[in-house]
Amino acid sequence: MLKYSLKRLSSSLLTLLIIISVVFVLLRQMPIEGYFDNFEKADAAMIQAKLNQLGLNDPIPVQLWNFLKDLVHGDLGTSARYSVGAPISGLIAKKAPLSMKLGVLSMGLALLMGIPLGAAMARKKGGFWDKFGTIYIVFINAVPAAVYHIFIQLYGTSFLGIPMLFDENNLITWILPVFSMALGNTAYYAMWLRRYMVDEMNKDYVRLARAKGVSGPNIMMKHVLRNAFVPMIQYIPTSLLYTVCGSIYIESLYSIPGMGGLLVDVIGRQDNPMVQAIVMIYSCIGIVGLLLGDLLMGVIDPRISFVKKEGAR
Amino acid sequence: MLSIKDNKSRKLEAALAEQLKKDLDGQIENEDELFVLAEYDEAAGEKTGYSNYSYWRSTLQVFLKNKVAVSLLIVLALLLAFTFIQPHLPGQYPANLINNNPQTGKQLSNVPPSLTTVMVTVPAGTQLNAAPVKNAEGWYAADNVIESLKARTKFDVIEYGEQWCRIEYKGKTGYVKNNFQTKLKLPDDPTAVPYESRSNFKLEMYMQPVDYTNNGTSLYVEGSYLTLHDDGTATAASDAPLRVLPSENAFWFGTNNIGQDLWARVWSGTRTSLAIGFIVAFFEAIIGITVGVLWGYVRKLDRILTEVYNVLDNIPNTIILILISYILRPGFGTLVFAMCLTCWLGMARFIRNQIVIIRDRDYNLASRCLGTGTAKIIVKNLLPYLVSVIMLRLALSIPSAIGNEVFITYIGLGLPVDMPSLGNLINEGRKLVTSETLRYQLIFPAIVLSVVTISFYIIGNAFADAADPKNHV
């Protein structure tokens, strides 16, 4: 287990390093306007001076090395256009807690809605909940998120008679963003839980339990659901981290001052250092999520062996 | 994270693997039967050992039984055909044409959707001003404005009304609107007519207490409805429809804020979005199958490709999409390129896993021993087993490509506005949702988009179920 964890950790670090380098190098190819707050007014000498000051005239490997050195110290550079001269890490630290709160709430809601839905779907195949859940899953997966988020905002706010935009101090405005953010994950949990539960239900130990006279709900709760939940655990860190990162749609729709909305903002303003930092944070979160998922899975299910992985020869 | 695509394709994969195993292990399902003496059975004797089971025919049969999927397939086919036919139908406005009012030159912005462009129908006998419209045979610009009064022009009110006041000005009598916009100056007792009045705003003096204009500009009517007089006026000979444009072609979905026909834009956008979907799916197939086959079949490449896959798979797709669209110039090519960069990963992994499983089956060893070339083994022995899952993944990757386009447009890196796509139509519409009267600009593209994506999705799933040998009779 330890050996596996170390190996997994090192491969994640390597991936991270590769991604950061690639993002960094790619963003060096962008026009230099994205480093200036007033490019149109600056003359050639000023531009050169600024480029030198930012170290943008150095060869790219040197720049990358400097960036990585700063990164280790938690310095992501300074914003060029969004909030001129402010350190990016500070800007993000200000925005992240709100995204985190929303993410955790919506994640909790998704688990609360998704797991009962999935269980109800698996319990009676072809029954009402199965049909309802299938339609719901198809809808959520097929219709682009932008569309249903907009309509939920539009009709939800007028139906409930609440303000359209988010206000941190007004709790009632939290309802719709959290609900909308939970929809996708709900469908996801319901779909996989149903699948895993149906798989479990066809196994012999369930038949044995039934033969012993264990009651239906007991089998479902104590045997099927518990076993079916194990493979789901793998995905929970990933989905939690993704949600924490803030759904880009939701945050910009409801004007929530979080990280997802920030990304849209800085892309609109072509603020290269900010885009770079946020993109790196997102990829980091993705990698950490997968890593956590794999490790968690190993801790929880002792049957999983790390000696020989699936498909390896 | 795994998507629903993976859910379905894993299920299908498992079913196919089981079928393959059954085929290879022969028909021995019940070992007892091996040791039981069989009685002579005439029916069994008649059997020639030929089974008319055909995988693809059964797949088709099962698929055709799914009524919803079949009807959606028809809807989708019609929709697809229609996007190509639509520009060639008579009376269509080009998608990027900015429709102006031919007289004022102003854009016909935010005209609400309607099946005709008729704004108002004038009863027979109504007096109108009529002037022939240049460049439009038989059409007249008609209105009932006698004169435009400049701001602060003095006139006499000879009959006071809550909505319309009858006035006299320079010997002509006519009507002016009396509302919060015109703000007529009132005497102490407005019923004491006649009195002198004025407005601080520009006023129109109408022939009748009705406004037969489109916010002050003339509407259009076909000459056959009018009896023309020499002094430039006309009388409606029968009930005459007044239209927004000198044409009977309506803006079925209304116009956007710069006067472009939304109907044409929605179809042109559907075309663009479907094109993106199909191109991405095509590349997913090409790249995914090629890489997957190499990865699975060439042992030396396995380690390298697995490492590459692990790195790439760790990066969230959305991030790659955003990054590439941000770096390159926004446009059709960029979008397709960005999506193609990641879309093949899942396909390649699937193909690789399957090929590793069946590569060294006895029949492939036999083929190899007989000297069959690698290419032939891959194409004839390996890929046919994978066709159904490949098709499933492709059917599901079209809606997700369309969805990605919407997403990228939403964050401001999508196609330019002069290239309508469902994504940028929705994005344009989204900005107007606060105004209830303009919501149609969001709703129409959203409906078409949902129909397209849901159809692909359901068809893909129905196909997966049909391709599953468990569901075959």
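A: Let's start where the two chains meet: 38 residues of chain A are in contact with 35 residues of chain B (contact means C-beta atoms, placed from the backbone, within 7 Å). On the chain A side, the elements giving two or more residues are helices H1 (2–28), H5 (128–142), H6 (145–160), H7 (175–201), H10 (236–244), H11 (248–253), H12 (259–268) and H13 (272–300). That side of chain A splits into 27 nonpolar residues, ten polar and one charged. Here nonpolar covers Ala, Val, Leu, Ile, Met, Phe, Trp, Tyr, Cys and Pro, charged covers Asp, Glu, Lys and Arg, and the others, Gly among them, are polar.

Keep in mind that this is a predicted model, where local features need pLDDT of at least 70 and side-chain atom pairs count only at pLDDT 80 or more, while totals for chains, interfaces and linings use all residues. Residues are numbered from 1 along each chain as its sequence is written, and chains are lettered from A, ligands numbered from 1, in the order in which they are written. The model scores ipTM 0.83 and pTM 0.80.

Now for chain B itself. Its mean pLDDT (the predictor's confidence in each residue, from 0 to 100) is 82, and 92% of its residues reach 70 or more. Chain B has twelve helices and 13 strands (DSSP runs numbered from the N terminus: H or I of at least four residues for helices, E of at least two for strands). The C-alpha trace of chain B spans about 120 × 60 × 40 Å along its principal axes.
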